[in-house]
Amino acid sequence: MTTALRERAAGRSKATGAARPGRRRRGRPVALFLAPFLVPFAALYLAPIGYTVYQSLFRMHRSGLGLTAPTQVFAGLSNYATALGDADFRGSLLRVLLIGLVQVPLMLLFALGLALLLDAKTTLFKRFFRLAFFLPYALPGVVGAIMWSYLVAPGLSPISAAARHLGLHLDLTSNAMLAPTIGNMLTWGWTGYNMLIIYSALQAIPAELSEAATMDGCSAFGIAWRIKVPLVRPALVLTTVFSIIGTAQLYNEPAILHNVAPNLPSTYTPIYAAYDAVNANNFNAAAAESVILALLAFVLSFGFLKLVQRKGAAL
Amino acid sequence: MTIRQSLSRWLILGVLLITSVYFLAPVWWLLVSSTKTNADLFSGNGFWFARFALFDNVHQVFAQQGGIYWQWLANSALYAVGGATVSTLIAALAGYTLAKYRFRGRELTFNSILAAVLVPQPLLAVPLYLMFSQIHLVNTYWAVLLPSMVSPFGVYLARIYAGSSVPDEIIEAGRIDGAGEFRIFATIALRVMSPALVTIFLFQFVAIWTNYLLPVLMLANDHLQPVTVGIVGWQAQRGIGPSAVPFNIVITAAAISAIPLVVLFLSLQRFWRSGLTAGSTK
């Protein structure tokens, strides 16, 4: 539904830009100047969204070869019913939801804490720590995932080796440990990035505020909790929304971890499951799964925005 | 008072040091492991050196599969430089137009671009694959290049920057001097916006270089793949079988492929920090 709105919005604005050349001398360049972006934007952003919704409503007729339109038959919402009836797909949605519910708050608290510590006046070597925490983000995500997959791989893992020295058996790729392992990969990769966004917001707070609070006898912790945290709320909201969207698109980490943990199913996360459906040439199922995931990501991120907005109004 | 202050100073330092071990140790492991032979990877302390085989490993990485690693690096560079250059230029033009011209539908256009920033990229990859396979673009350079040329976040940054840094007076002065609208943009506005251009280019470059799902869907041909897809392909062989790629080569290849981005981040700190701040203050 938002797709249609968005598409219409882009279409209408383009049309008005082009339709009124004479009203102002500058009416013309607007359409010309926006076209180089808006045309590929419509083709590569809006069209795929529309195309997915369209594809999700059809299914392939078995007698055809499957490359042209006539072999498709309208299927209504049956692809959705199939996807939601699929225990594997439902499991992948639930898994991502659970990972997100645990990992996102933990990571953001971690990032907020680090940002507050880096912002404290007495902290030493700020530049070094800032770079150290940010380094994981500067590594390509795939490299980070490969690295961690070896760090947890049975037979190769230095972590398991250390546990063995202590007489413990630790397999970080066992079924029970897969979710914590992936959560750790995400936390490792993104804490520094989120920390930097929060830290930038902290630095924008005028120093007088903290000084005044100190004079009133407020402790450093009190200043952090009562003054700084409320003031960096926009940054916290932004990082939360980005993290929710990031969790919804979880693919690289499980796909790469699968190389060292064959027990990890190819329907571990929704995107992984959709990609699996593409590999099985079941495009319509992939489309329906993509739409379900997009709706879920949309509901969660905008639901969160609405939630904090209402809270903000009450304050 | 001073005792308490110095106590908290050491406490904070301790916490930050332990935290930096968490973030740095895996990278240290990667660096140390890239100097080891395949056999040494499975024995001894993972975080300390064994026989020094770095040069041999690097040599093997570039010799593996007929030297295809060079091709992968070149492909990544082509996708990242080509995609980021085009996306930066058209985003700058669009952002400048949205900031400096008044026209009906301006806010609507901007809001729909802003909403697109929130669309998870992997969700677009599957439908794009379906569309591209119908027009036979799959398994060509264009399959990865074209989607890399659109950056809604770039338009957002360009609009903010153009709005605050390109004065209307300069544009008016250009018009009085008889310059065309595009000439004003190309010769005056682009120059004023150059810090924003570097930021947009950098973010888009990183996004393309690190992208995995899109190229892995689009490209079945080894020789078109970027380095990310290539290395994961090597890793997927799990070191099993006679033609499999040994672990030491995968690890060294991964370490090498990280170098361009780390260098880019270290040398252009000013720009990526300003890009992040633009996101946090809005």
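In which loop of chain B is Phe42(B) found? In this predicted model, Phe42(B) sits in the loop that runs between α2 (38-41) and α3 (54-100) of chain B. Phe42(B) is partly exposed, because its relative accessible area of 41% falls between the limits of 20% for buried and 50% for exposed residues. Phe42(B) and Leu124(B) are separated by 82 residues in sequence, and their C-alpha atoms lie 40 Å apart in space.

On chain A, a nonpolar patch on the surface is formed by Leu94(A), Leu97(A), Leu98(A), Leu101(A), Val102(A), Leu106(A), Leu296(A) and Leu300(A), which together have about 730 Å² of accessible area. Two helices of chain A, α4 (87-119) and α14 (283-314), each supply at least two residues of this patch. The greatest contribution comes from α4(A), with 6 residues. Leu94(A), one of the patch residues, is placed in helix α4 of chain A. Leu94(A) counts as exposed because its relative accessible area is 51%, and the cut-off for exposed is over 50%.

The largest pocket has a volume of about 1400 Å³ and a lining of 36 residues. Nearest the centre of the largest pocket lie Ala120(A), Lys121(A), Ser219(A), Ala220(A) and Phe221(A). Both chains take part in the lining: α4, α8 (175-203), α9 (207-215) and α10 (220-231) of chain A, and α1 (2-33) of chain B, each supply at least two residues. The lining divides by residue class as follows.

| Class in the lining of the largest pocket | Number of residues |
|---|---|
| Nonpolar | 21 residues |
| Polar | 9 residues |

Key:
Residues numbered from 1 in each chain as written. Chains lettered and ligands numbered in written order. Predicted model: local features only at pLDDT ≥ 70, side-chain atom pairs only at ≥ 80, totals over all residues. Heavy atoms only, no water. Patch = residues over 30% accessible without salt bridge, like charges linked within 9 Å, V, L, I, M, F, W, Y side chains within 5 Å. Areas by Shrake-Rupley, 256 points an atom, 1.4 Å probe, with all protein chains shown as cover. Salt bridge = Lys/Arg side-chain N within 4 Å of Asp/Glu carboxyl O. Helix = DSSP H or I, 4+ residues; strand = E, 2+ residues; numbered from the N terminus. Buried < 20%, exposed > 50% of the residue type's maximum accessible area, 1.4 Å probe, protein only. 1 Å grid on protein atoms, 1.4 Å probe; cavity = no way out; pocket = protein on both sides within 12 Å on 5 of 7 lines; lining within 4 Å. Points joined across faces, edges and corners; volume = space filled by probe spheres on them. Nonpolar A, V, L, I, M, F, W, Y, C, P; charged D, E, K, R; others polar.
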